[in-house]
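Please read them with the structure open beside you.

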Amino acid sequence: MTDKISSRKGYIAAEFLNSTHRISGEVNLRNQPLVDTLNDTISTFVTGENIYISPIEEPATFIAQYPTGKLRKETISMVVVPREEDGLARHTIYHNATTQPITYNIFAVLPGFEVHGGVRLTAMLDVDNMLMQSIDRFITIYRATATVVNRPEVQFSGGAILLNRQQVTLFCIDKAAST
Amino acid sequence: MARVLVIDDDSGLLQMVKLMLERAGHQSILAEGGEAGIKAALTQAPDLAIIDLMMPGISGYDVTRQLRANSITARLPILILTARSQPMDKQMALNVGATAFMSKPVSSQELTGRIAELLNGTLPSPIPATVPPAVDPASSPTANSMGKPTTPNSTPPPTSFAQTSGRRLPIGADIAQMPPGATPTAAAPPALKLPNKPLPVTAVLSLRNGGGGTTVAINLAFLLRRTFDRISLIDLSTFGGNIGSYLHLPLRASWADLLTLGDTLDARAISAALTAHPQQGIGVLGSPSTPPSRSLSADATVSLLTTLAMGFQQIVVDINTLTPASIATLLVAHSVLCVVGDDLAAVQANSSLAQTLQSVGVNPQQVRIIVNRSRLEVGMSTAAISSALGLPIAAELPYDVNQLQAVRRGVPTVVMASESAFALALQQLSRTFVTA
């Protein structure tokens, strides 16, 4: 028996955010990291279970609940996950095992949000590659915080936030402030 | 060891938390979903509740709100354990009344550590000690009125009981419940430590089965509930009391379950023995279904009532025998209502009532004789009953056709037919003798 109380076995609890809603739910991982599920181009939707919906400006209020729901990947601005390891893609896990990544602070703007956090880059993965050449829809920002622009007191933090690259308006990286 | 209620819609998680709690030496009460959780919290007297936020039907926020709104669980430590981990979630949980907040994933050590903190730091007593606002401020008595002897306007209390010497105690088989050779006076230990002033206890004494004492006790408790948030109803019958069956309420424990605890009862044990009435929240302690080996001691009874009085604003005790426990109750009560039927047998059975009460040291100022006309047939007149008993009659409760239906439905008459003659008469009695 695991000694951690977390989501159901094989599932991950995540927060799906866009400019209007906060959607909490669980995703069946089917033996692959969440970010890989989100980046799987074969499916347009990702299935969430135990879906709880809140307005983004009243994020602690439940306005609806459903046992299951389909989320259209391209309309999700970001996904907040509790732990850093929840944001790792399979290839990242491999890279991290063979190379030493360097973490850089980033600042990103998406519709309705500002995001602070860190990206982990290696010799094989630079920022241009990550933003412009990668085919992945979602990129992982570690130890991240997303602030709702219209209500700066509303912030979502997690071990990682998976940003929808196609919704990024601005992406800044501070290479001098590496940690 | 604490009793920890875990409310979550995920049965797998419930089992996992149960294992963690058991490893830490706690007892777990599992409730799958909000509704089951509220019911368990009200009926099983947990020491702490762990509540998930995201549950279908009633969310953890709403569960917390409802528990905080109920006097029984108003001070129950509540730990929110949720996958929603954002600061606004914690703030919301605390705003609705949670004591602490943890987000998943959480380790066993973290969880049990937090539970220990909550139990050690914020659980002085599972019995609520603060008094929330009364339902009806206009009719609510002041705090000063609690515990004072009542002085009715209409019927002056007797300054001493009429002497009916030479007559045997009219309690027949009831005396068999006492130790061999004991008298009621001997049953109360001479060293019994009584509180400095009467407790907010109304003892409803009916020394003859079928006299209606239990009916009066139940209805009085529910009537008091209109004014007070926290009412307790105790059945001190030696065994086979009817309070549970009259209310269709399965009682989780009886006073006999307190026998092993000695003479100083623990508030947590008392709280765990109480069954909360699901609609009214009245804390009920039943009588055992079979005769126990002994009665609750007088000291234990004083401890029980004193502890209950710390959390309950009014305590109604149903008494139909004289045991050390019931005598101790009569001695600490601020009001003793002696319920007498209007038939000849009932009056005869109570003919030595005054002598009996005097012999055990009950203050006559606190005793009121109530004639309960529980039959359709016209019984003895009030004057005749008073003459036979040698005591003034303080009030009469009329026959009420609703009573049988009330018992069938498990709903007290004062709730089912609040404007009935019986309900109105009991209301007047309560105002005059109990809450005055």
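This is a predicted model: local features need pLDDT of at least 70, side-chain atom pairs count only at pLDDT 80 or more; totals for chains, interfaces and linings use all residues.

1. Residues are numbered from 1 along each chain as its sequence is written, with chains lettered from A and ligands numbered from 1 in the order in which they are written.

2. Chain B has 17 helices and 14 strands, where helices (H or I, at least four residues) and strands (E, at least two) are DSSP runs numbered from the N terminus. Of its 436 residues, 51% are buried, a residue being buried if 20 or more other C-beta atoms lie within 10 Å of its own, exposed if 12 or fewer, and partly exposed in between, with C-beta atoms placed from the backbone. Among the contacts in chain B with a separation of 6 or more, 78% are between residues 24 or more positions apart; two residues are in contact if their C-beta atoms, placed from the backbone, lie within 7 Å.

3. Helix 7 of chain B packs on helix 17 (residues 421-434) of chain B at an angle of about 75 degrees, with their axes 10 Å apart; axes are lines fitted to C-alpha atoms, for helices over the stretch in contact, and angles run from 0 to 180 degrees between N-to-C directions. That makes the two helices roughly perpendicular, as angles of 65 to 115 degrees count as such, those under 35 as roughly parallel, those over 145 as roughly antiparallel and the rest as oblique. Asn219(B), Leu220(B), Leu223(B) and Leu224(B) of helix 7 of chain B meet Leu426(B), Gln427(B), Ser430(B) and Val434(B) of helix 17 of chain B.

4. Helix 10 (residues 298-311) and helix 11 (residues 324-332) of chain B have axes that come within 8 Å and cross at roughly 50 degrees, and are therefore oblique to each other.

5. Where the chains meet, the contact takes 24 residues from chain B and 20 residues from chain A. On the side of chain B that touches chain A, the largest share, 5 residues, comes from helix 1 of chain B.

6. In chain A, Arg143(A) of strand 9 (residues 138-148) deserves a look, for its phi is near 45 degrees, a positive value in a residue other than glycine. Arg143(A) counts as partly exposed, with 17 C-beta neighbours inside 10 Å, and is one of the contacts of Gly159(A), which lies in strand 10 (residues 151-164) of chain A.

7. Asn31(A), between strand 3 (21-28) and helix 1 (34-39) of chain A, has a positive phi near 65 degrees.

Note on methods
Lists of a residue's contacts leave out its neighbours within four places in sequence.
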